[in-house]
Amino acid sequence: MEIKIIDIKKATSQEIMETLDENNRKVTLMSTEIEKLKKVASEERKIIIDSPKKPYIELSGEEEEEDSLEEELSYYVENFNNATLEELKESTDDILPSQENPNYQNIMLRLQIELLKSIKEVNDIIKETGKGNQEELEYYKEELQQLRKKLDLLNSPVEKDTKGEDQRKNTLIFSPTPSGNIRVLEEIEKRIPQEYYAGFQGLFESIQTGRFKNVRRFVASNAKTAGFSEVKDHKIRVVFDRIGPHAYVVITAFMKKSDKDKGYIDPLKGILTDYKNNVRDNLKRNLENGEFLDLQQHYEQELFNKLSKVPEKPLERVKTNESTRPSNGNN
C-alpha cells in the first residue's frame with residue numbers, strides 16, 4: 001500500500017486536498033491493520049499464559065518487556081518530530097534508524113503514518129480556517145509545507161553502506177560526577193560485576209554504531225527524566241543524551257534487580273538533574289574543541305579496555321569419593 005507523493009509547489013489546492021484525503025484513507029487502513037496485529041499478538045500471549053493445560057511460566061529478561069517495540073517506535077517518532085528541517089537535511093542518518101536495525105521497516109512505516117496524520121490534521125485546520133484570519137492561514141500553510149518536506153526527506157532513498165564494514169557512526173561523550181570523575185568508568189569499576197561486562201559493552205557499542213539496542217525514551221510526564229533515553233538488556237541499562245549531530249553523552253550505567261524494578265528511578269533523577277544543571281551546556285560548548293574530543297576518545301578507550309576484561313572463573317571444587325578421599329590413618 002503505497003503513499004501517493006505529489007509536488008506541493010506545482011499542485012493545485014484541489015489536487016493537494018484530494019491527495020491528502022486519499023493518503024489519509026490509506027493511513028487509516030494501515031493503522032487498523034497494525035492494531036489488529038497487536039490485538040492478535042496480545043490474545044495469543046493471554047491464551048498461552050492462561051491455558052489450564054500448561055503451568056504459568058514467569059517471563060524474565062526481555063520477554064517481560066511487551067512494549068519494547070512500541071518504546072523503540074516512540075523513541076524514533078519523538079526524535080523525528082522534534083528535529084527541524086535543517087537538522088534532518090544535515091544528519092538524517094543520525095535521527096532515522098540504522099538500516100541494520102531489525103525493526104527498520106516498522107519504524108519507517110510508523111514515521112510515515114505519524115507524518116501523514118499531522119499533514120491531515122493541519123489540512124483540516126486550513127479547511128476550517130477558510131479565508132478568515134489570513135495571518136493564521138499563512139502560518140498553517142507554512143506548517144503544511146514543512147511537514148510535506150519532512151515527508152519528502154523520509155521517502156528519499158538512502159544509500160546503503162556497501163563496504164561490508166561496521167563503520168563508526170557516533171561520538172561518545174562522557175559525563176563527569178560533581179567530583180570530576182567520569183561517572184560510567186567509576187560505575188563499571190565499583191558497581192558492575194564482571195560477568196555483565198560483555199552486555200554493557202554491547203550497549204555502549206549500540207550507541208556508538210547507531211543501532212541503539214532496545215532503546216527507550218523516558219516518559220514526558222516525569223519532568224526530571226523527560227528527554228533522556230536508555231539502551232537496555234536483561235538487568236543492565238545505559239542512560240544517554242543526544243547533544244548534537246552524532247554526539248551522544250553517556251551519563252550513567254547501572255544494574256536492575258529485575259526488569260520490573262523501579263527502585264533505580266529516584267537515584268537516577270538526582271544524577272540527571274545534576275547533569276542538566278551543571279554539565280550538559282559545558283559539554284555542548286566543547287563539541288568543536290579538538291583537545292576535548294581527544295580526551296573523550298581516551299575515556300572511550302579506557303571504557304572498552306575495562307569492559308573487554310574476561311571475568312575470572314572460580315576454581316572448580318573437585319568432588320571426592322571413598323576411593324580418592326585421603327586416609328585419616330584409622331583404616
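Two residues are in contact when heavy atoms of theirs lie within 4.5 Å. With that in mind, begin with the whole protein chain of this predicted model: among its contacts with a separation of 6 or more, 67% are between residues 24 or more positions apart. The chain has 10 helices and 5 strands, and buried residues make up 38% of its 331 residues.

Next, select helix H6, residues 183–191, together with helix H10, residues 290–307, whose axes come within 10 Å and cross at roughly 15°. Because an angle under 35 degrees counts as roughly parallel, H6 is roughly parallel to H10, and the crossing of the two is left-handed. Now show the side chains where they meet: Leu 185, Ile 188 and Glu 189 come from H6, while Tyr 299, Glu 302, Leu 303, Lys 306 and Leu 307 come from H10. Sorted by class, this contact has 5 nonpolar and 3 charged residues, with no polar ones.

Finally, move to strand E4, residues 236–244, and select Asp 241 within it. Is Asp 241 buried or exposed? Its relative accessibility is 5%, and because buried means under 20%, Asp 241 counts as buried. To see what surrounds Asp 241, leave aside its neighbours within four places in sequence and select its contacts, which are Gly 227, Phe 228, Ala 247, Tyr 248, Val 249, Ile 251, Tyr 275 and Arg 280. One of these, Ile 251, is 10 residues from Asp 241 along the chain, and the C-alpha atoms of the two are separated by 7.4 Å.

Methods
Residues are numbered from 1 along each chain as its sequence is written. This is a predicted model: local features need pLDDT of at least 70, side-chain atom pairs count only at pLDDT 80 or more; totals for chains, interfaces and linings use all residues. Side-chain values use heavy atoms; hydrogens and water are left out. Axes are lines fitted to C-alpha atoms, for helices over the stretch in contact, and angles run from 0 to 180 degrees between N-to-C directions. Helices (H or I, at least four residues) and strands (E, at least two) are DSSP runs, numbered from the N terminus. Angles under 35 degrees count as roughly parallel, over 145 as roughly antiparallel, 65 to 115 as roughly perpendicular and the rest as oblique. A crossing is left-handed if the near helix is turned anticlockwise from the far one by less than a right angle, and right-handed if clockwise. Ala, Val, Leu, Ile, Met, Phe, Trp, Tyr, Cys and Pro count as nonpolar, Asp, Glu, Lys and Arg as charged, and the others, Gly among them, as polar. Buried means under 20% relative accessible area, exposed over 50%, partly exposed in between (1.4 Å probe, protein chains only).
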